[in-house]
Each structure stands twice: as C-alpha cells, then as structure tokens.
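Thanks for making time this morning.

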Amino acid sequence: MLTANREKGMITREQIEQAKRQRDITFFRKVLDARQSDGILLQVLDRLGKLPPDFDPAPLLALLDHPNPEVRLGAVKGLSRLENPVLLPIFAQHVREESNTRVRRELVSAIGRLRLPEAIPLLGSLLSDPDPKVVLQVIRALLCFRDHPEVQSLLAPLAEHPNELIRTVIQHEFSRAEHEKSDSLPHPMSPDWLKNLFVCADVLEMLAYVPSESVHLTFTSPPYYNARDYTLYRSYEEYLEFLVQVFREVHRITKEGRFFVLNTSPVLIPRMSRQHSSRRYAIPFDIHPRLIEIGFEFIDDIIWVKPPGSAKNRNGGFFQHRKPLGYKANSVVEYVMVYRKATDKLIDWNMRQYDPSVIEASRVTSDYEPTNVWEIAPASDPVHPAVFPLELATRVIQLYSYKGDLVFDPFAGCGTVGQAALLTERYFLLTEKESTYFKYARELLSTGNLLTDFPPRFLHLTQFVQLAKEHKE
Ligand SMILES: C[S@@+](CC[C@H](N)C(=O)[O-])C[C@H]1O[C@@H](n2cnc3c(N)ncnc32)[C@H](O)[C@@H]1O
C-alpha cells in the first residue's frame, strides 16, 4: 500500500499515523530518506504532527544537512516537538552552522522548548545574531530563566539594541520586573491623594514627586514654542528637549498600555523684518519620533478642523498677485496625536482590568465621529490665550479613559481638562506654572455642581511636595 501510494507521489496522513502507532521506524526511514524527492519529504514533514516521546529521531536528524532549507526547517520542527534533552548539542551545532535565518529561528525555538538552564550560555551567544527575529526568539527562550542573574545581565545591554522591537521587549521586561517589585495599585485605581489636584508649579519639578504608573490618561497641549508670549526658550532644540523631558516623565507615570493624547500644531515665528522670512516649525512631526523613542506607540493621528474663518489669513498677498510659490495656506487644523504606552499586552487586557459595571457606565453611547477628522470650533477665553474647547477635552477623555480614571494635564492652563474630567466622572491631576491661570482655574473648577467624592484641591509646589512625602511614608 505504501509503495502504491508512493508511486502516486502521496503519503497520506493515515499512513503516517499508523506508522507512528506501530513505532514503524522502517517506514519513516524510507519516507524521510534524504534521497526522496523534496516534494515527498516536505509532504511527510508537514504531516508528521505530534510525535511520541520515544520516536527515533535518526531519520529527522539525517535531514538537518539537506540542501533544501525548507526540508531542514521541517526536520527541525519535527525534532523540536520531541522535546528531547539529548538533542541540545545537535541543535547547538546546527544553529551555529545554519545559514538560513528561518531555520536558525526554528533551531533557537527548539532549544528554548527544551527549557534547559545549561542552554543559557549558548542562547546568550546567539543574541548577536544579525536577524532581529532570531534575537527575539533567543530572548523568548532566555525569559524562561528570567530570574537567573546571568540572564538578566545578558538581556540588559539589549535595551540599547538598534532594533526597536527588541528594545521594546527588553524595556517592557525590565519595567515589568520593577512593577512587580513595587506595590503598585490595581490597574483601575490611582492614588487617592492625587485625585482632583491642581498644582501650581513647573511641571518637571512637580512630576518628580508623582509615583510611577499612577495615571490612566494624559491629554495636553504644550506651550507653542515661542509663538505665544507666555514662555520663552533659547532655541527650538531646547524647547523640544524640554518637551522630551516632560513626556519621558509622562511615560513613567502612565499605567501600562494607557494613552497619551497630544494636541499640537505647526507654529509660525513671524519675520524680524521685511528682509527676513518668517519660519514655520512642524512641532507635531518633530516631536513624534522623540515620543516613539521614549516608548510610546503611535496609535492615531486625529485632525482637529476648525471653521475656515477661525484661521489667520496668510494668503492676502497671493490673493492679489497669484504668483506660484507665494501661496500660503490658512491653517484651520491642529493635530491630536494619540499614543499608547508601549506594551505587549492588547487593549483588551486594559479593558478586562475593569469591573463590568464600570465598563457599562463608561460606554460611549452618544453619537461619535467615526473618522479621524474632528470638526470642533475653537474656544476663546478672556484670561488664557489658548484654551481647549471643552468639547475636545470631553471627547478625548470619554474615548480614551474609563469612569473613575485619573486624567493628567501637565500644561493645564485654566484647567479645561479638569472641567471635562469632572463632567465625565473622571479625576484630574493638573499642573500649571503661571499663577494667573492657576488662580483663574481655581475659580472655574470650584464653582458648579461638583458631584465628586474628592473635592478639588489647589496646591503650590511646596505644599504638594509635603503631601507627596506624607504619602511615601
Ligand atoms: C497651550 S497652553 C494649555 C492651555 C490648556 N489646554 C487650557 O485649556 O487652558 C500651555 C500652558 O502651559 C503652561 N506652561 C508652560 N511651561 C510650563 C511649565 N514648565 N510647567 C507648567 N506649565 C507650563 C503655560 O503657562 C500655558 O498655560
């Protein structure tokens, strides 16, 4: 029967299963003979399925030197399923000699499956493999022994690996270890002492006292470089570096897999004189790679569109002369860039952390904008020159947090994010360095029907530091 089918070029699954049951090694020697056609070999290898632990590996071992890498791959997969520790030296020899990257990856996986501590030095030597996928496979294998100090020191340098996926896995692994060491709160919870708190301070000074992984969402609009008069930086680089420092801290205090929503737009620094040209700075695009570098994952680019009349007219000259190159678009959009603290956990994991009643209460049942173009009229304010429309802040909070979450705005201005948080039954944590805006925000946030279990508190930095110290003890 075997011969008849082989003549037709077919080895059926039933034949293979029967041979496995009967421990018919002669059958496997024949069908896995290296002189068989590649087609037959691949068919048999593909149909091998789970092998009994006492399966004689000899026919598969003979295929490890086959010229066709697909056949070698199938042979390694088959051998890997045996999970036989005696195969370690053979895998070790082949992984060093194997030129095909997929086969190498499979060999590493086979070594990992053995879960043998004596494989650690070999795995460590494979961390310099040129294929990032092989390195990721090695990392996975090494993580079975994550508590071995040797493994920790092998993995730590990979935090600087040129490949971003490897860096992310390592950073996550080390921050997970830190996380497990600290007695941090369950995911839906945040420290009570931070709830509905507005601190008048330089954000970096304040952030130094905020515990890691304590906020669920950050929504903010940072100062617009030197385009408004409230803040001055010596250079654009210095400005970006300042934002990087703040956002690195935002990353630290953000809970695993939670969102950071950043509203920015390009800004125009007017020309010095008629002999000079004005200069536009593409803040959202310049800050983007820095955020990825910090450890945020890019999720969405939402365009906030304002009505045409709300933009400063930049094409008066062009309207007259109509000469190409002289066109300047009136900017009616801002960017609402959505990032997530990078993690290997899915968003579903974040959702599952909540009680079903919280999920139910937080559902977005109203109409929502299904596209990434959000048409919202800008807001104006008698005191602050650049406030969020309450609608924008409310929408972001409803879409990217659950009721009872802690929402942070490091550049709070007059506290629009705080107002939106109260309206949507979240808690706020805000910082603003200008006391004029802080005092104004205090008025805005203290009035109205405050149905919250944590009445808003307004503190200066020294008071906040005192509070933070009390809660550390
Ligand atoms: C674009 S405004 C934000 C307005 C806010 N979204 C609102 O709705 O009122 C940026 C704010 O950041 C504040 N700011 C600038 N540098 C700061 C710093 N180092 N620490 C804290 N706040 C700062 C400015 O005073 C300004 O009020």
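This is a predicted model: local features need pLDDT of at least 70, side-chain atom pairs count only at pLDDT 80 or more; totals for chains, interfaces and linings use all residues.

Let me begin with strand β6, residues 296-305, and strand β7, residues 333-341, which pair in the antiparallel sense over nine bridges. Residues are numbered from 1 along each chain as its sequence is written. Strands here are DSSP runs of E with at least two residues, and helices are runs of H or I with at least four, both numbered from the N terminus; two strands pair if DSSP finds at least two bridges between them.

Within that pairing, D301 has M337 of β7 as its bridge partner, and E297 has R340 of β7. On β8, β6 has a parallel partner, joined to it by three bridges, and there W304 is bridged to W374.

Which order do the strands of the whole sheet follow? It is an open sheet of nine strands with mixed pairing, running β8-β6-β7-β3-β2-β9-β10-β1-β11. Because β8 (373-375) and β11 (457-460) stand at the edges with a single partner strand each, one side of each is left without a neighbour in the sheet. From one strand to the next, the twist averages 20°, where axes are lines fitted to C-alpha atoms, for helices over the stretch in contact, and angles run from 0 to 180 degrees between N-to-C directions.

Helix α14, residues 236-253, packs on this sheet and touches β2 (215-220), β3 (254-264), β6 and β7, with its direction at about 145° to that of β3. Contact, here and below, means that the C-beta atoms of two residues, placed from the backbone, lie within 7 Å.

Turning to the domains, whose bounds come from an automatic or database domain assignment, the protein chain is given domain 1 (2-181) and domain 2 (192-314 + 328-472). Their C-alpha centres lie 48 Å apart, and the contact takes four residues from domain 1 and five residues from domain 2.

Finally, the ligand is surrounded by 20 residues, the closest being V203, F411, G413, T416 and K433, where a residue is near if its C-beta atom, placed from the backbone, lies within 6 Å. That shell divides into 10 nonpolar, six polar and four charged residues, counting Ala, Val, Leu, Ile, Met, Phe, Trp, Tyr, Cys and Pro as nonpolar, Asp, Glu, Lys and Arg as charged, and the others, Gly among them, as polar.
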